[in-house]
Amino acid sequence: MDELTKENIIKAGLCASVVITILILPVIVVWVGSNGIGVISWEFLTGRPYRFELGGIFPQIVGSIYLVSLCSLLGAPLGVASAIYLAEYAPNNVITQTVRFFTETLAGMPSIVIGLFGLEFLVYYLQLKTSLLAGAVSLSFMTLPWTIRASEEAIKMVPRGYRDASLALGATKWQTILKIVLPAASPGIITGILLGMGKAMGETAVVWLTSGSGLEAFVPRSLRSPTGSLTMYIYLLATQGHTSESMSRAFGASLVLLVMFMAVSVSALIVRNYYLRRLGPR
Amino acid sequence: MNGNEITPGQAMQDVFEEFRIDGAVNKVVFRDFNLWYGENHVLKDISVEIKSNIITSIMGPSGCGKSTFLRAIDRMNDIIPECRTSGQVFIDEDNVYAEDVDVYELRKRVGMVFQKPNPFPQSVYDNVAYGVRIHGMANGRELDEAVERSLRMAALWDEVSDRLDESALTLSGGQQQRLCIARALAVEPEILLMDEPCSALDPIATAKIETLMRSLQEKYTVVLVTHNLQQAARVSDMTAFMYIGEVVEFGRTKDLFENPEKELTENYITGKFG
Ligand SMILES: Nc1ncnc2c1ncn2[C@@H]1O[C@H](COP(=O)(O)OP(=O)(O)OP(=O)(O)O)[C@@H](O)[C@H]1O
Ligand SMILES: [Mg+2]
């Protein structure tokens, strides 16, 4: 075999890998879509589940939205504040490096471990019960490091010239951060928060252990209410159901989850593009 | 006209120039000033007097400390943690490095324009209004007036008066730099420090800024760092030549260019190094 043939075979192999990679997403989407579209109906989207595999998934849709929103509401301010400290104030010493190491490790922590901690500490020890609050707080443990990392990076990307100009006009450091740095970094920060929301939305183990059983028939009325999520519902129907009806409901719920997830991802993409375009002409 | 020939008119103008420069009062005075970045001794025993209402240029090879010198005047070097200083810098009678100095007030007194135009990613209006708002100097109608006044002083008003709400990043490089000048002027400083303000601009934009500088000297003390010898000769009344952290020679631009006292200066001017 001559060198050219070898080269071509390698090229074809690499190309095939790319094709496979690209195909994964559409195949999953089409698969889930075609299996799930059948059960999608007004009743399915607005009803409440009963007798395991009957009824709708409205409380689960709302539960997922509540969990993710509350998780960001709690996690985002904390994450952004930490990022501001790390990027702007923290001296580069052992303590800061330790903080960084902690957040990096937390980012890679298996979610089941976080869920177990949430169960033991929040649900039992702090007596939050399996509830919306316990679930959202546990989820924010998971998304916090991502928010911090994305925000810190976005803050550090803000050109030094902006800070110099602001300080040279007699602004204080905090005024500079608030009026110049954060607005300039906000698209990056928002993208980070949105990606964290996407992660939280797809999380199963953590909410499973801390927020509810998955088949809740009611929309949560307070922070202490048990709250079901789409992910739990899907898991239950796919593993405990024994009929094809239950399986296609799992797919229907997956389709809804997928659409919600994509809405978040697409918003993240739009914000990111806007960001790049704005930095573009410089 | 041949450069060596002196006409009566020219002679009169020279005398007038001399009078204008010699008659100027001291605005910024460095006294035995030293500055270190960690172990790096960047400014060494600087003692110079910068006069009011004229343009003083600072030239010298790259890395000799020109930017640091400028930033020493409004204590912008304070931002760098490992920076230490000794000696004094006075603006009028006030020691800038005295303990009770309000740095933010100081920086309001001293405007700064940077090498790369750096307007904020905000509207033209908000850029100019930024400092005025920070210092709570004006709002409403008064703020509008302050913005217009500053843009006029920076010779930019006619070009942007109908696009005040547009992003500053849509302006051309030269316009952006004049916007940065307007932004600095808006807080009503006494001194304007310009660090190679034209190095990112084309000749036409540069010419506009040079004309602008000339018009500004009536109200302000202008200190200009430049790599461009012609520019220093063209626009400045006095020139300092710096070399590795020291001010080697400081005097009237004409004298410094025509018969420099130090060999180092002469070598630099004639392009033997740098
Ligand atoms: N933030 C900083 N931290 C440490 N050292 C610095 C810092 N900024 C500048 N220096 C050092 O101080 C010295 C003088 O730098 P400065 O920027 O004042 O030179 P310059 O004359 O303005 O040069 P150029 O013409 O290239 O702009 C250089 O040796 C440089 O390496
Ligand atoms: Mg410089």
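## Interface between chains A and B

A salt bridge is a side-chain nitrogen of Lys or Arg within 4 Å of a carboxyl oxygen of Asp or Glu. Arg71(B) makes one with Asp164(A), with the closest N and O atoms 3.8 Å apart. The rule finds 1 salt bridge across the interface of chain A and chain B. The pair runs from helix α7 of chain A to helix α2 (residues 66–73) of chain B; helices are DSSP runs of H or I, at least four residues, numbered from the N terminus. Asp164(A) counts as buried at 9% relative accessibility, and Arg71(B) counts as buried at 10%. Buried means under 20% relative accessible area, exposed over 50%, and partly exposed in between (1.4 Å probe, protein chains only).

The contact (heavy atoms within 4.5 Å) takes 19 residues from chain A and 25 residues from chain B. About 1,800 Å² is buried between the two chains, and carbon and sulfur atoms give 64% of that area. This area is the accessible area (1.4 Å probe) that two parts lose on being put together, summed over both.

## Basis of the model

This is a predicted model, in which local features need pLDDT of at least 70 and side-chain atom pairs count only at pLDDT 80 or more, while totals for chains, interfaces and linings use all residues. Residues are numbered from 1 along each chain as its sequence is written, chains are lettered from A and ligands numbered from 1 in the order in which they are written, and side-chain values use heavy atoms, leaving out hydrogens and water.

## Salt bridges within chains

Over all chains, the structure holds 25 salt bridges. Arg163(A) pairs with Glu88(A), the closest N and O atoms being 2.1 Å apart. This pair links helix α7 of chain A to helix α3 (residues 58–89) of chain A, 75 residues apart. Both Arg163(A) and Glu88(A) are buried.

In chain B, Arg109(B) and Glu190(B) meet at 3.1 Å, N to O. Glu190(B) is partly exposed, with a relative accessible area of 27%. Shared partners join Lys27(B), Asp92(B), Asp94(B), Arg109(B) and Glu190(B) into one salt-bridge network.

## Helix α7 of chain B

Helix α7 of chain B covers residues 173–185. Its 13 residues should span 18 Å, and its end C-alpha atoms are 18 Å apart, which agrees. The expected span is 1.5 Å times one less than the number of residues. Of those 13 residues, 12 are buried, so the helix is largely enclosed by the rest of the structure.

Note on methods: Helices (H or I, at least four residues) and strands (E, at least two) are DSSP runs, numbered from the N terminus.
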